[in-house]
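Hi,

Here is the structure I promised to pass on. Have a look at it first, and then read my notes below.

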Amino acid sequence: MAKGRGTAGDRVGGIKNKIKRQQMYHKLKKEGDKAAKQARKLRQKEAEELGEAAPQTVQRTLDNTREADDTVVGPDDEEVAGEDALDEFAAHFSGEVPPRTMITTGRYPSAQLLSLVEELLRMLPNSEYRPRNAITIKRIVDACAERGFTNLLLLTEKSKTPQTLWLIKLPGGPTARFKLTTLVMPKRIAGHGRPTAHRPELILNNFGTRLGHRLGRLLACLFPHDPQFKGRQVVTMHNQRDYVFFRHHRYVFEDDSGKGDVAVRLQELGPRFTLKLKSLQLGTFDPQHGEYEWKHRAELDTSRRRFHV
């Protein structure tokens, strides 16, 4: 039998008899669980005795042990603030140009993709859908810019499953390409509501790096900068480990007791999905000759604790 400390499996690895090995494994596992329970009770007792002075244990996660990134934007970064005042999104945030979005798809969209388009039309103010037919994307970009659209959303699919989302800021870019996954339509969400025509509130969370800051401003251009709080609708885009989780909710105020004690809950409106940035390109759609600000490559994935957004 192996000597020294380790898991129960490691310590019985040298026992050749299967029955004896299983018996010893369960015995060691039971002893280990009992010792862990006693240690946990001891820590709890010490924490109760110390009260507020008890040391707080923080669980190690990929998020709080991420690699240091020199491009993280601080709250009072004057250089970034100066760039924001002159970038492609400044007119939107100043309120000079309200958002107007055109949505299109691949040439032969499936029913599921068209269902997603319908949900996006309900959610995005001032949005329209036009079938692509046989028109090239570059021609669509030029036509949308001439007609005063500020954004172009292009949805493509594989095997009748939505797979890619292109977001093109008009008239001069940039262009972001996302992988779209974990799509859940409203009809599959228990207790879902239906959105109204009110302009939703937008929450962008954890877009901390220079790339993330720029990406967050691009996504914000889909929604008006003056939400109608009366509608109590909110769109959340939360970035975690370079995945952008998209959610659409409504605040619901309820007085079940009849005593004036109002409770607040969230009702999901849907859809919900996840976006993974694949590239950010200067200018409008030009995958062959365009200049990329950032593009995902395999050599960038040097560690599970390295994040870019």
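Which residue caps the N-terminal end of α2? It is Asn17, with a side-chain oxygen 3.1 Å from the backbone nitrogen of Ile19. That counts as a polar contact (a pair of N or O atoms within 3.5 Å; within protein, one must be able to donate a hydrogen and the other to accept it, and residues adjacent in sequence count only if both atoms are side-chain atoms).

Before going on, a word on what you are looking at. This is a predicted model, in which local features need pLDDT of at least 70 and side-chain atom pairs count only at pLDDT 80 or more, while totals for chains, interfaces and linings use all residues. Residues are numbered from 1 along each chain as its sequence is written, and side-chain values use heavy atoms, with hydrogens and water left out. Helices (H or I, at least four residues) and strands (E, at least two) are DSSP runs, numbered from the N terminus.

Back to α2. This helix covers residues 18-50, and its 33 residues should span 48 Å at 1.5 Å a residue, which agrees with the 48 Å between its end C-alpha atoms. The expected span is 1.5 Å times one less than the number of residues. Just after α2 comes Gly51, with a positive phi of about 65 degrees.

Most residues other than glycine have a negative phi, and most peptide bonds are trans. Ser159 is not a glycine, yet has a positive phi of about 55 degrees; this residue sits in the loop between β3 (151-158) and β4. Asp242 has a positive phi too, about 70 degrees, and lies in the loop between β7 (233-240) and β8 (243-254). Are these two buried or exposed? Ser159 counts as exposed at 68% relative accessibility, whereas Asp242 is buried, with 9%. (Buried means under 20% relative accessible area, exposed over 50%, partly exposed in between, with a 1.4 Å probe and protein chains only.)

There are cis peptide bonds as well. One runs from Leu170 to Pro171, with omega near 5 degrees, and Pro171 is in the loop between β4 (161-169) and β5 (175-184). Another joins Gly270 and Pro271, with omega about -5 degrees; Pro271 lies between β9 (263-268) and β10 (272-281).

Next, the aromatics. How many aromatic pairs does a search of the whole structure find? Two. Rings of Phe, Tyr and Trp (its six-membered ring) pair if their centres lie within 6.5 Å; planes under 30 degrees apart count as stacked, over 60 as edge-to-face and the rest as tilted.

- Trp166 and Phe285 are edge-to-face, 4.9 Å centre to centre with 70 degrees between the planes. Because Trp166 is in strand β4 and Phe285 in the loop between β10 and β11 (292-295), the pair ties together parts 119 residues apart in sequence. Both Trp166 and Phe285 are buried.
- Phe246 and Phe273 are stacked, since their ring centres are 4.4 Å apart and their planes are at 5 degrees. Phe246 is in strand β8 and Phe273 in strand β10, so this pair ties together parts 27 residues apart. Phe246 is buried at 3% relative accessible area, and Phe273 counts as buried at 4%.

Last, take a look at Arg132, in the loop between β2 (127-129) and α6 (137-146). Arg132 is buried yet has no salt bridge, and the nearest side chain of opposite charge, Glu157, is 10 Å away. Here Lys and Arg count as positive and Asp and Glu as negative, with His and the chain ends not counted; a salt bridge needs a side-chain nitrogen of Lys or Arg within 4 Å of a carboxyl oxygen of Asp or Glu.

Cheers
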